[in-house]
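Student: Could we go through this structure together? I would like to begin with how the chain is divided.

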Amino acid sequence: MTEPTEAPAAPKPTRIAPIVTTDAKSFWDAADREEFVGQKCGDCNQFTFPPRPMCPHCHSLNRVEVPLSGYGTVHSWTIPRHPHPFGFKEAPIVAVIQLDEGIRFVSNVVGVAPEDVKMDMKVEVMFEPTMGKHKVPVFKPRGSK
Ligand SMILES: [Zn+2]
């Protein structure tokens with residue numbers, strides 16, 4: 001008698017879930033849907049990112065969510081080794097990503113060896129699961145799987 005074949009269970013995510021603030025809730029809700037969004041001022045049309053209640057340019061409270069391309073370049077990066085970051089088997093590459101829209105986003109670079117990360121390396125967004133069934137945007141070398 002043969003046992004029914006079961007797909008191996010995906011390993012449980014160990015990455016910590018995002019801390020969702022009221023101002024950034026729509027950003028994280030979008031990330032759960034694997035959508036990468038930013039926020040613009042509804043009056044002066046400049047980015048107000050990370051999401052916040054008031055435009056830092058014109059003090060308007062009129063906010064508009066806009067889709068982001070998910071493309072950018074590595075502006076700077078570091079690898080926090082001590083203390084070892086909770087939730088990561090290997091220390092992650094923590095990077096400032098210069099998004100094509102002109103704003104910067106702190107994230108992780110994945111799918112590349114630490115020694116191969118380069119300044120201005122072209123990257124694109126992808127989403128990794130976290131504890132609590134959420135997702136966070138991270139960046140991989142553009143065009144890689
Ligand atoms: Zn404004």
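Tutor: Domain bounds here come from an automatic or database domain assignment. On that basis the chain is divided into domain 1 (19-67) and domain 2 (69-145). This is a predicted model, in which local features need pLDDT of at least 70, side-chain atom pairs count only at pLDDT 80 or more, and totals for chains, interfaces and linings use all residues. Residues are numbered from 1 along each chain as its sequence is written.

Student: How many Å apart are the C-alpha centres of the two domains?

Tutor: The C-alpha centres of domain 1 and domain 2 are 21 Å apart. Eight residues from domain 1 and nine residues from domain 2 take part in the contact, where two residues are in contact if their C-beta atoms, placed from the backbone, lie within 7 Å.

Student: Which element gives the most to the side of domain 1 that touches domain 2?

Tutor: Helix H1 (residues 25-32) gives the most, with three residues. Helices (H or I, at least four residues) and strands (E, at least two) are DSSP runs, numbered from the N terminus. The residues on that side of domain 1 are five nonpolar, one polar and two charged. In this scheme Ala, Val, Leu, Ile, Met, Phe, Trp, Tyr, Cys and Pro count as nonpolar, Asp, Glu, Lys and Arg as charged, and the others, Gly among them, as polar.

Student: How many helices and strands does the chain have?

Tutor: The chain has one helix and seven strands, in the order α-β-β-β-β-β-β-β from the N terminus on.

Student: Which strands does E3 join through bridges?

Tutor: Strand E3 (residues 71-78) is joined to E4 by six bridges and to E6 by three bridges. E3 runs antiparallel to E4 and antiparallel to E6. Two strands pair if DSSP finds at least two bridges between them. Trp 77 stands opposite Ala 95 in E4, while Tyr 71 has Glu 124 in E6 as its bridge partner.

Student: What stands opposite Glu 124 in E7?

Tutor: Lys 140 does. Strand E6 (residues 122-129) and strand E7 (residues 135-141) run antiparallel and are joined by seven bridges. Their hairpin has five residues between the strands, and Gly 132 there takes a positive phi near 75°.

Student: What does Val 109 touch?

Tutor: Leaving out residues up to four places away in sequence, Val 109 touches Val 74, Trp 77, Ile 93, Ala 95, Val 117, Val 123 and Phe 139.

Student: Is Met 119 buried or exposed?

Tutor: Met 119 is exposed, because 9 other C-beta atoms lie within 10 Å. Met 119 is placed in the loop between E5 and E6. Met 119 and Thr 73 are 7.7 Å apart in space, C-alpha to C-alpha, and 46 residues apart in sequence.

Student: What percentage of the whole chain counts as buried?

Tutor: Of its 145 residues, 19% count as buried.

Key:
Buried ≥ 20, exposed ≤ 12 C-beta atoms within 10 Å, placed from the backbone.
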